[in-house]
Amino acid sequence: MYTVIARRWRPRRFGEVVGQPHIVTTLQNSIRFGRISHAYLFCGPRGVGKTSLARIFAKALNCEKGPQVEPCCECENCLSIDGGNFVDVVEIDAASARRIEDIRELSEAVRYVPLRGRYKVYILDESHMLTPEARNAFLKTLEEPPAHTVFILATTEPQKIPQTIMSRCQRFDFRRISERDIVEQLKMICKKEGVKYDEEALAIMAEEADGSLRDAQFLLEKAMNYNQDGVKEPDVLQLFGIVGRETIFGFLSSIFEGDVRGGLSLVEQAIEKGHEPYEIYRGLVQALRKMLLLKVYEGPPPFLYISAREQEEMLRLSADHEYYEIQNMLFYLIRGEELMRASFPKLSLEVLLINLFNLSKIKDVERLMEELEEKGKGTKDLHGFLSFLQERRPLLANIVGSLGANMEGNRLFVRLEEEYGLLRDTDMKEELKACLREYFGEPIEVCFEEKRGAVKIDEYVSEAKRVFEIKEGP
Ligand SMILES: [Zn+2]
């Protein structure tokens with residue numbers, strides 16, 4: 001009988017589950033220590049193993065060899081759960097069993113002890129789809145669950161599960177599966193199925209699947225059917241309408257090397273080859289994302305699949321750019337998605353592309369400042385002199401700094417206060433002049449300005465008298 005890849009390679013044991021180690025460990029521990037909850041909520045995106053893990057858990061609870069940390073998968077109970085015909089494990093698709101009658105039947109059924117297993121396990125798929133009436137009926141069951149019953153609610157949209165139900169469940173959040181893990185799985189399947197493959201082709205599928213192993217397996221199956229000789233990159237590109245790596249690199253090079261016309265004619269060529277503007281757009285987003293991750297991680301991050309050539313090329317192109325500059329470009333590109341879905345996708349793509357050129361030239365403000373500061377280090381000014389003086393003669397630098405000084409041409413003006421009169425009279429002035437000469441490489445004249453701030457108190461008094469017209473005594 002023909003079975004699809006996803007079903008044939010569905011994990012049957014905890015040890016075969018990909019990408020959810022935190023959940024597997026917790027579930028296994030709950031069996032090990034006999035702490036089984038009445039209700040579990042499995043949340044997460046589609047195709048990451050929620051229902052598979054629910055079935056494995058059901059097997060582990062009902063395995064004839066006793067509740068097992070790993071089900072044997074050989075006993076009658078295990079085998080009939082795998083076959084979907086075990087009387088005590090009931091799978092309900094909430095999307096189709098939304099009627100209140102269905103839930104009433106369920107509420108009736110849970111009262112009876114399991115017929116063959118240790119636990120009655122109800123797996124409620126897409127559980128956010130229940131109607132409010134069905135939900136309320138279900139809630140009553142959850143409030144007083146019989147000892148031998150375990151509910152496993154699976155959902156892709158936990159925010160739609162009401163708090164009353166949520167609070168009665170032990171919640172698990174499933175993760176998206178990393179590209180690298182997906183590539184490894186696809187490789188394993190190809191090997192066991194005896195199918196030849198390009199690693200690049202598998203990487204493309206992993207990228208397309210966006211964290212869903214089931215989607216990736218579905219793509220693999222399509223590619224296997226497309227070409228009996230093996231899974232090859234050109235086939236995969238054509239099959240899924242993906243713009244080839246070469247073309248995408250062409251775009252990246254034109255952007256990062258400032259070749260606007262080259263980029264625009266690439267758009268023309270790619271469309272002539274039959275690619276939709278949106279496909280080109282998606283390819284660019286994916287490529288920039290990889291580039292950004294490479295920059296941030298200073299190499300390939302552990303979850304990303306990237307070939308050595310791709311990595312080398314991307315690092316070369318982005319060598320003169322900081323990660324946040326690439327981030328700006330990516331952010332801009334993603335915001336343009338709506339534009340790409342509008343009436344003139346080709347025009348939109350051209351506009352986005354031209355703006356990417358502009359963005360690649362605009363450096364981040366912070367970086368510009370840094371660069372200016374770096375350049376400023378070469379020019380000689382008062383600020384630079386004070387730092388120089390600080391290193392040479394800290395005391396002198398502090399005096400000059402706190403008095404306040406400014407430069408005009410080759411004259412240094414220092415505003416002098418009485419208590420620092422010593423600056424005028426002693427060797428300090430000579431020392432200052434020597435340092436100025438050393439720093440600026442030419443003689444600088446030192447001029448003192450008397451500070452006029454020290455107005456005498458009786459001047460204030462007579463001023464006040466004048467303003468308030470206070471007459472002197474007789
Ligand atoms: Zn068993």
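Predicted model: local features only at pLDDT ≥ 70, side-chain atom pairs only at ≥ 80, totals over all residues.
**Ground rules.** I number residues from 1 along each chain as its sequence is written.

I looked up the strands first, taking helices (H or I, at least four residues) and strands (E, at least two) as DSSP runs numbered from the N terminus. Five strands form an open sheet in the order β2-β3-β4-β1-β5, and the pairing is parallel, where two strands pair if DSSP finds at least two bridges between them. The edge strands, each pairing on one side only, are β2 (89-93) and β5 (170-173). I then followed strand β1 (residues 39-43), which runs parallel to β5 and is joined to β5 by four bridges. Which residue of β5 is the bridge partner of Phe 42? I found that Phe 172 is that partner.

**The cores.** Staying with Phe 42, I noted contacts with Lys 50, Leu 53, Ala 54, Ile 152, Leu 153, Ala 154, Phe 172 and Phe 174, leaving out residues up to four places away in sequence; a contact here means that the C-beta atoms, placed from the backbone, lie within 7 Å. I next looked up nonpolar cores, which are sets of buried Ala, Val, Leu, Ile, Met, Phe, Trp, Tyr and Cys residues joined through C-beta atoms within 7 Å. A residue is buried if 20 or more other C-beta atoms lie within 10 Å of its own, exposed if 12 or fewer, and partly exposed in between, with C-beta atoms placed from the backbone. The largest nonpolar core has 93 residues, and Phe 42, Ile 152, Leu 153 and Met 205 touch the most other members. Helix α14 gives the most to this core, with eight residues. Apart from it lies another core, of seven residues, including Phe 385, Val 400, Leu 412 and Leu 436.

**Helix α12.** Helix α12 (residues 245-256) has 12 residues, and from its first C-alpha to its last I read 16 Å, close to the 16 Å expected at 1.5 Å a residue, the expected span being 1.5 Å times one less than the number of residues. Its buried residues are Thr 247, Ile 248, Phe 251, Leu 252, Ser 254, Ile 255 and Phe 256, and what covers them includes α13 (260-272), α14, α15 and α18 (345-361). After α12 comes Gly 258, with a positive phi near 75°.

Cys 73, in the loop between α3 (50-62) and α4 (76-82), has a phi near 65°. Glu 298, in the loop between α14 (277-297) and α15 (308-317), has a positive phi of about 50°. Is each of these buried or exposed? Cys 73 counts as partly exposed because it has 16 C-beta neighbours inside 10 Å, whereas Glu 298 is exposed, with 9 other C-beta atoms within 10 Å.

**Leu 432.** I found Leu 432 in helix α23 (residues 427-440), and Leu 432 counts as buried because it has 22 C-beta neighbours inside 10 Å. Leu 432 touches Leu 396 and Val 446, not counting residues up to four places away in sequence. Leu 432 and Ala 397 are 35 residues apart in sequence, yet their C-alpha atoms are 9.0 Å apart in space.

Definitions and conventions: Contact = placed C-beta atoms within 7 Å.
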